[in-house]
Amino acid sequence: MVILTALALPLGVRAEAPVSPQATIAALERADQPLLEGTALLSSRLLSELYAARDDQLLWGAATRRAALLELAERSVESGFDPNDFRADTLRILADSDHWATLAPSERVRADLVLSDALLRYVHHHRYGKVDPVRLDRAWHDRPRPDSEVLRADLDAALDARDLTRVFEGRFPAPFWYEDLKSALRTERVRETMRERPPVPAGPHLARGDQGPRVAMVRERLALLAGQSAEAAPAGEVFDDALHAAVIAFQQGSGLVADGVVGPATLAVLNKSTDPDRMDRIRINLERMRWLYQGLPPDYVFVDVAGLMVHLARSDEFVWSTRAIIGTVETQTPMFRDNMDHLVFNPTWIVPQSIQRSKTRVASDFQVVDRRTGQPAAGGDHRDVNRYRLVQRPGPNNALGRVKFMFPNRHAIYLHDTPSRALFARQRRTLSNGCVRVENPLEFAERILDRPAWDLAGIKQVIERGRTRYVELSESLPVLLYYLTAFADAQGIVQFRQDHYERDARLRAAFFAPVGPARIAFPAPREPAEPAAPADTGASTQATGVRSATDGAVQAVLDPRE
């Protein structure tokens with residue numbers, strides 16, 4: 001049988017020797033030999049630790065557990081995966097009790113590893129995504145490695161559960177925008193199945209009280225789009241109150257006039273079948289979403305890079321939005337997550353070296369600073385980027401405007417104001433050097449700070465004084481910079497965006513291909529504790545709550561009117 005060949009012993013393990021999961025994993029690592037179908041274990045170390053904690057015993061002897069894992073793999077299409085991302089074809093064979101009974105001891109160990117690897121892939125891909133964005137393109141993506149302890153907790157919960165098919169319900173919490181796009185995928189999948197069904201024929205308007213075979217076809221399509229199976233779909237050729245309510249709900253969710261009448265516009269949307277490309281675009285954008293939202297609190301900033309918008313979320317709901325300007329194709333805005341911890345009013349702007357080299361003259365609001373001393377320099381060649389730094393003073397013409405929003409990161413990306421207000425009227429706003437310009441920055445600052453002392457009037461007073469002022473947030477706020485070329489609203493209507501940076505093709509190729517070992521973060525070995533340092537009784541700069549433009553640490557500013 002094919003499965004027996006696939007489960008052959010790895011090099012370095014003798015057929016007559018007792019074979020255990022850990023020994024098999026070690027042999028696979030020594031031989032650098034794929035486990036199955038050309039794919040290595042997702043994480044040899046994590047699986048080895050899992051088996052070690054369970055006395056190196058086989059974990060999948062129960063047929064019900066194997067069947068439950070297969071069911072999970074098959075249901076993964078709901079999240080945009082291919083069941084074979086979790087070895088569904090092989091699981092189908094191994095779920096058969098008669099086949100399992102024919103496996104030799106060494107083959108059964110290999111089969112057990114296949115099943116454990118499939119479970120690990122399931123929890124890893126649902127929690128962190130299948131594709132590693134850093135491996136995909138490190139220049140434009142950033143994300144910490146998945147946490148081995150979190151994955152182990154998921155594996156242990158699954159293996160200790162009575163019902164494997166239900167253990168993950170609520171274990172992978174997702175924000176509303178992920179669920180909205182997931183719901184849109186379900187609709188597209190239903191539309192794909194309806195391609196084989198005849199469309200509702202054109203004809204007179206259908207409304208409450210009408211009857212006939214066209215009414216029955218409308219009823220069936222609405223039931224399928226609502227998630228019912230074809231067998232469970234209600235029958236009947238009378239346009240009754242229930243169908244009237246279903247038509248109104250469909251029209252509302254499709255952006256149509258919600259009058260409960262099936263006319264040409266409603267019929268066109270009802271008969272629409274899906275395009276496979278639409279489904280694929282939804283699937284890869286669900287994958288993008290999974291990369292960054294783990295452990296996301298209810299309050300955060302959502303930078304919709306491809307959508308050219310910035311949203312503020314409170315209680316996991318967008319409560320405020322504004323237009324944005326993003327990086328050019330050459331200076332793209334990357335996709336990553338970090339924490340905003342402070343704002344800067346009346347910021348200075350350190351001119352990028354590429355721009356500094358090209359400047360023929362230095363305007364009066366710029367200052368040449370000696371990199372060695374940090375002091376203003378007179379008479380030096382400002383184009384010598386190794387010796388001098390060019391700094392623009394705060395003011396109405398400063399390139400960063402009147403405020404910038406800081407979340408320190410390796411890309412040196414932040415959100416900021418701009419004096420070039422007219423650019424926000426453009427439809428295509430890929431114009432910056434990578435940072436994100438915000439159309440309504442003062443209102444954004446007010447909502448971010450969310451303190452009575454920092455209302456719009458107080459913020460304007462600080463700006464009018466002209467001095468650089470740093471303000472620390474009372475709590476850091478996650479900032480997610482997402483590049484999403486498909487995004488759905490609460491009704492499941494999908495907006496397909498322009499792929500400004502042409503990133504879709506590369507992700508599509510990676511997402512629909514097998515993946516090998518994952519980069520996973522394991523705890524560092526614990527070092528002996530050092531004696532506690534004596535308490536610092538000196539005066540703290542935090543007592544003032546104010547930081548000047550040259551101070552090193554960001555401190556809270558309690559009242560802008562001080």
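Predicted model: local features only at pLDDT ≥ 70, side-chain atom pairs only at ≥ 80, totals over all residues.
Visitor: What volume does the largest pocket have?

Guide: The lining of this pocket is made up of 36 residues, and those nearest its centre are Thr348, Trp349, Ile350, Lys404 and Tyr414. The space in the largest pocket comes to a volume of about 1,100 Å³.

Visitor: Which strands each supply at least two residues of the lining of the largest pocket?

Guide: By class, that lining holds 19 nonpolar, 14 polar and 3 charged residues. The strands that each supply at least two of the lining residues are β5 (349-350), β6 (366-370), β7 (388-392) and β8 (403-406).

Visitor: Which element gives the most to the lining of the second largest pocket?

Guide: The second largest pocket, with about 460 Å³ of space, is lined by 20 residues, among them Thr187, Phe250 and Gln491, which are in the group nearest its centre. Two or more lining residues come from each of α10 (176-194), α11 (213-225) and α12 (241-253). With 5 residues, the element that gives the most is α10.

Visitor: Is histidine 342 buried or exposed?

Guide: Histidine 342 lies in strand β4, which covers residues 336-345, and its side chain makes a polar contact of 2.6 Å with the side chain of aspartate 341. A residue counts as buried when its relative accessible area is under 20%. Because the relative accessibility of histidine 342 is 8%, this residue is buried.

Conventions: Residues numbered from 1 in each chain as written. Heavy atoms only, no water. 1 Å grid on protein atoms, 1.4 Å probe; cavity = no way out; pocket = protein on both sides within 12 Å on 5 of 7 lines; lining within 4 Å. Points joined across faces, edges and corners; volume = space filled by probe spheres on them. Helix = DSSP H or I, 4+ residues; strand = E, 2+ residues; numbered from the N terminus. Nonpolar A, V, L, I, M, F, W, Y, C, P; charged D, E, K, R; others polar. Buried < 20%, exposed > 50% of the residue type's maximum accessible area, 1.4 Å probe, protein only. Polar contact = N/O pair within 3.5 Å; in protein donor to acceptor, adjacent residues only side chain to side chain.
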